[in-house]
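Visitor: Please take a close look at a single part of this model and describe its surroundings.

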Amino acid sequence: SIKAIIIRLAPYYVGHGGSIEFVSYDASVGQVQVRLLGACAGCGMSGITLKYGLEKELKKELPEVKEVLAV
């Protein structure tokens, strides 16, 4: 599940002083919305973390996921 993958990747974000919280999933467009917390919220690398970290893992394990957005 989306939440399980976010939890599994949590040590990476926590290790950098941040966190990512699941907000919603829109199955009609394959869009996952997350909230960046802690150091992730103000980090200039958060876009890379989302696209090449979380989004990549979600797409690999759940092909129905097309995009991850921070809200």
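**One residue and its surroundings**

Guide: Thr 49 is buried, with a relative accessible area of 16%; buried means under 20%, exposed over 50% and partly exposed in between, with a 1.4 Å probe and protein chains only. The model is predicted, so local features need pLDDT of at least 70 and side-chain atom pairs count only at pLDDT 80 or more, while totals for chains, interfaces and linings use all residues. Residues are numbered from 1 along each chain as its sequence is written, and side-chain values use heavy atoms, with hydrogens and water left out.

Thr 49 lies in helix α3; helices (H or I, at least four residues) and strands (E, at least two) are DSSP runs numbered from the N terminus. Leaving aside neighbours within four places in sequence, Thr 49 is in contact (heavy atoms within 4.5 Å) with Tyr 12, Tyr 13 and Leu 54.

Leu 54 in turn touches Ile 6, Leu 9, Tyr 13, Ile 20, Val 34, Thr 49 and Val 68, not counting residues up to four places away in sequence. Leu 54 is also among the residues with the most contacts inside the largest nonpolar core, together with Val 34 and Leu 58; this core has 16 residues. Such a core is a set of buried Ala, Val, Leu, Ile, Met, Phe, Trp, Tyr and Cys residues joined through side-chain atoms within 4.5 Å. Helix α1 gives the most to this core, with five residues.

Tyr 13 is buried in α1, as are Ile 2, Ile 5, Ile 6 and Leu 9. The buried residues of α1 pack against β1 (18–26), β2 (31–38), α2 (39–42) and α3 (46–61).
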